[in-house]
Amino acid sequence: MRRHDYLDHDIETASPKQIRERQEAELARQLDYLFARSLFYQEKFRSAGLRRKDCCNLRDLARFPFTTKEELRASQASQPPLGRHIAADWHNVIRVHSSTGTTGQPSFVGVTRRDARAWTRLTARSFYTQGCRKTDVVAHAIGLTLFVAGLASKDAIESIGAVFVPLGTGASEKALSVIPWLGANAMHCTPSYASYFAKYAREAGVEPHTLGLKKLFCGAEPGAGIPSVRKKLEQDFGARATEGLGNADMAPIIFSECPEQAGMHHNGPDFVLAEVIDPESGESLPIETGVTGELVYTSLQRECVPLLRFRTRDRIEVLGTSCVCGRTGFRLRCIGRTDDMLMLLGVNVFPSAVREVVAAFSPSTTGEIQILLEQPGPRVEPPLKVVAESAVGSAAWGELKSQIERKLRDVLTIAASVELVPTGTLPRYEMKGQLVKHLYQNTAQVPAGRRRKVLV
Ligand SMILES: [Zn+2]
């Protein structure tokens with residue numbers, strides 16, 4: 001692959017001044033649209049005493065309030081199906097995706113035809129940055145159903161001209177024959193699935209590197225950017241592993257790594273305005289090498305559900321603002337979450353949602369649970385280890401355990417391994433309960449906003 005090779009040269013290599021001008025023009029249009037079309041933002045701006053003329057440039061944006069996932073959830077509950085933040089006519093919506101959340105209740109995201117085109121272009125840019133080309137055959141080992149990165153990846157990979165093979169999840173046996181038969185040289189999957197598939201292949205007597213996969217496009221959860229995980233995947237498959245980062249409420253893939261593997265580039269400054277803030281104070285931080293904080297997104301060209309200053313809860317570190325590949329989109333890595341969300345094979349799971357499922361078995365359970373983590377989250381290798389208190393005699397535990405595990409699979413779509421213990425075993429907390437027990441050596445987190453030198 002040539003080093004200076006881009007899908008959208010002008011935007012991917014634009015100077016900071018060119019990007020600022022483009023973003024200011026897009027933001028002005030998006031704000032006009034929000035003030036005119038979004039009930040949710042009309043109310044939000046009115047109660048904050050903000051008028052359209054209060055935002056004339058990117059700097060003014062910091063005066064506007066954040067949008068949180070909780071607000072979107074409440075908005076959706078108050079006005080089904082998509083919420084008061086829908087700004088397009090329902091009959092102009094062509095597709096609806098969803099993500100699961102704190103309660104297991106799905107949160108829906110709609111796209112218009114124009115939104116779908118924007119998603120396709122941005123997602124295609126992200127795959128292209130990762131090295132996807134027209135000559136590739138891509139095995140897509142990610143679900144095509146409700147998940148945002150399913151169909152959007154299909155559209156994006158096909159738009160590049162590569163062959164898209166919809167393997168889906170849970171198809172490892174098929175994958176072992178389909179990949180070599182079709183000459184698939186790339187796979188799009190979660191890093192957890194890639195490591196699982198390597199093990200699966202070996203157990204089936206196939207060395208993973210003989211499958212012919214040369215490119216692993218990883219995403220939906222952090223992992224492939226962690227040096228030890230990347231090294232293992234690359235050794236297993238004899239492939240280059242790169243990762244991408246998106247957000248169900250904003251766009252399927254927004255950031256992705258170029259072959260330099262030095263953090264994920266912002267691939268779509270014309271579609272998504274990214275800010276980095278201090279998660280505690282909400283202060284906007286400069287996008288400079290070494291800055292850590294929470295990613296905040298403002299959509300710039302969205303029709304269906306445009307969002308202003310949406311808090312992603314993704315904790316990131318800025319790794320650089322230039323790159324030998326020539327792209328000018330800043331580079332970052334995801335270093336965790338600012339909430340307690342966990343991710344299993346790309347599925348978001350909140351410990352409170354696990355507790356809710358277990359508590360529904362009351363009076364057989366007390367509702368007290370503890371999730372055991374052997375490695376720092378948010379990524380967790382399945383099954384999720386859950387200790388739950390039971391108020392019934394241990395003779396009934398076998399049946400109860402399988403019922404809870406089945407319910408967790410049905411409601412939260414995760415594999416869990418439940419261990420039952422007698423009432424009173426788990427610690428009680430006066431304040432906020434500690435639903436997660438860390439079994440590994442805890443290292444202090446880097447405080448948000450603190451800058452340190454990073455050599456890349
Ligand atoms: Zn690069």
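**Figure 1. H265 and C325 in the predicted model.** H265 is buried, with a relative accessible area of 0%, in a structure that is a predicted model. C325 is likewise buried, at a relative accessible area of 3%. Both residues coordinate the zinc ion, H265 through NE2 and C325 through SG. H265 belongs to strand β9 (residues 264–266), whereas C325 sits in the loop between β13 (310–320) and β14 (331–337), so the pair ties together parts that are 60 residues apart in sequence.

Figure 2. The donors are C258 (SG), H265 (NE2), C323 (SG) and C325 (SG), at 2.1 to 2.3 Å. The site is tetrahedral, with angles of 101 to 115° among the 4 donor atoms. For four tetrahedral donors the ideal angle is 109.5 degrees. Along the chain, the donors follow the spacing C-x6-H-x57-C-x1-C.

Figure 3. Helix α11 (residues 397–412) has 16 residues. From first C-alpha to last, α11 reaches 22 Å, close to the 22 Å expected at 1.5 Å a residue. W397, L400, I404, E405, L408 and L412 of α11 are buried. Seen down the axis of α11, these buried residues fall within an arc of 135°, so they line one face of the helix. The face turned away from the buried side carries the exposed residues E399 and D410.

**Figure 4. Surroundings and end of α11.** The cover over the buried residues of α11 includes the strands β16 (347–349), β17 (365–373), β18 (384–390) and β19 (416–422), together with helix α10 (351–359). T413 follows α11 and has a positive phi, near 50°.

Key. Residues numbered from 1 in each chain as written. Predicted model: local features only at pLDDT ≥ 70, side-chain atom pairs only at ≥ 80, totals over all residues. Heavy atoms only, no water. Helix = DSSP H or I, 4+ residues; strand = E, 2+ residues; numbered from the N terminus. Expected span 1.5 Å × (residues − 1). Buried < 20%, exposed > 50% of the residue type's maximum accessible area, 1.4 Å probe, protein only. Arc of directions from axis to C-beta. Contact = heavy atoms within 4.5 Å. Donors = N, O, S within 2.8 Å, 3.2 Å for Na, K, Ca; no water. Tetrahedral: all angles 85-135°; square planar, octahedral: opposite > 155°, others 65-115°.
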